[in-house]
Amino acid sequence: MSLQKPGLYIISTPIGNLKDITLRALETLQECDVVLAEDTRKAKILFQTYKIDSPLKSFRIHQIRSDIEFAKNKLTEKKAVGFITDAGTPGISDPVSHLVRFVRENLPEVPIIPIPGPSALSTILSVSGWQTNPTLFLGFLSSKKTRRKQTLLEYKAFEGCIVIFESVHRVFELLEEVREVFPEREILIGREMTKKFENFYLFPPYQLDKSMIPPKGEFTILIAPSKEKKSSP
């Protein structure tokens, strides 16, 4: 190890286009003693592209106790441990929050170092043209229709932007529910952002044409601020 000090490195990776990786992220990945990955199959594509040969180990929610124990042992051995999620910035919608919390509570002497980079959250906000302060991030909502609807209703009075992640399997149901709860707001949908078939779909208030949207890919939904918030200075 020439540049890294021991600690837990939370490393952002591209959300689609592999060229979005930062130089610092590449350097950190190369020099970590081990890299924990939410999906080692996706991680291997990144590693092969940039000729990174650091050891990889999976870190999944269904094996989280043993994986946290593994990370703990490495960190107490004064190793540099990296973490990468499927795509984007870790800690936004993945199991690394459990690891970070464990380290903060049980290994306070271990530094936790963020290596910032791409995120679907900041990506869609950057191309909205709307006032993004404040923004409410809801991540993935429940797979159950009743609970999803309840969550949307809970935040109906929130005047700022609202960001939601959704898979292709439920995106059209969710869009109908969003339009029902927020009929007067614009909706911006980012599909396959930064990838080859990237598309954005903007729907005016009271409108939603699902036939325009291909039923493939990954989706980020941005609900515009209320008219009151838009008109404020």
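Which side chains meet in a salt bridge of 3.2 Å, N to O?

**View 1. The salt bridge between D39 and R41.** In this predicted model, the side chains of D39 and R41 meet in a salt bridge, with 3.2 Å from N to O. D39 has a relative accessible area of 10% and is buried, whereas R41 reaches 62% and counts as exposed. The pair is one of the 11 salt bridges that the structure holds.

**View 2. The salt bridge between K195 and E192.** K195 and E192 form a salt bridge whose closest N and O atoms are 3.5 Å apart. K195 is partly exposed, at 27% relative accessibility. Elsewhere in the structure, salt bridges with shared partners join K145, R148, E173 and E177 into one network.

**View 3. The salt bridge between E177 and R148.** Two members of that network, E177 and R148, are shown here. Their side chains meet at 2.8 Å, N to O.

**View 4. The packing of α6 against α7.** Two packed helices are described by the angle between their axes and the distance between the axes. For α6 and α7 the angle is about 35° and the axes are 10 Å apart. The crossing of α6 with α7 is right-handed. On the α6 side, the residues in contact are K145, R148, K149, L152 and L153; on the α7 side they are E173, L174, E177, V178, E180 and V181. By class, five of the residues in this contact are nonpolar, six are charged and none is polar.

**View 5. The buried residues of α7.** Within α7, the buried residues are V171, L174, L175, E177, V178, R179 and V181. They pack against helix α6 and against the strands β7, β8, β9 and β10. Among them, L174, E177, V178 and V181 also take part in the contact with α6. An α-helix has 3.6 residues a turn, so residues three or four places apart point the same way.

**View 6. The pairing of β8 with β9.** Strand β8 (residues 187-191) runs antiparallel to β9, and five bridges join the two. One of the residue pairs is L188 with its bridge partner L202 in β9.

**View 7. Strand β10 and its two partners.** Is β10 mostly covered or uncovered? β10 is mostly covered, as five of its five residues are buried. F219, I221 and I223 lie on one side and T220 and L222 on the other, and both faces are covered. β10 pairs with β7 in the antiparallel sense over five bridges, and V163 stands opposite L222 of β10. The pairing of β10 with β8 is also antiparallel and has five bridges. Here R191 has F219 in β10 as its bridge partner.

**View 8. The buried residues of helix α1.** Which residues of α1 (residues 23-31) are buried? They are A25, L26, T28, L29 and E31. What covers them includes the strands β1 (7-11), β2 (34-37), β4 (80-84) and β5 (112-115), together with the helix α2 (40-49).

Key. Residues are numbered from 1 along each chain as its sequence is written. This is a predicted model: local features need pLDDT of at least 70, side-chain atom pairs count only at pLDDT 80 or more; totals for chains, interfaces and linings use all residues. Side-chain values use heavy atoms; hydrogens and water are left out. A salt bridge is a side-chain nitrogen of Lys or Arg within 4 Å of a carboxyl oxygen of Asp or Glu. Buried means under 20% relative accessible area, exposed over 50%, partly exposed in between (1.4 Å probe, protein chains only). Axes are lines fitted to C-alpha atoms, for helices over the stretch in contact, and angles run from 0 to 180 degrees between N-to-C directions. Helices (H or I, at least four residues) and strands (E, at least two) are DSSP runs, numbered from the N terminus. A crossing is left-handed if the near helix is turned anticlockwise from the far one by less than a right angle, and right-handed if clockwise. Contact means heavy atoms within 4.5 Å. Ala, Val, Leu, Ile, Met, Phe, Trp, Tyr, Cys and Pro count as nonpolar, Asp, Glu, Lys and Arg as charged, and the others, Gly among them, as polar. Two strands pair if DSSP finds at least two bridges between them.
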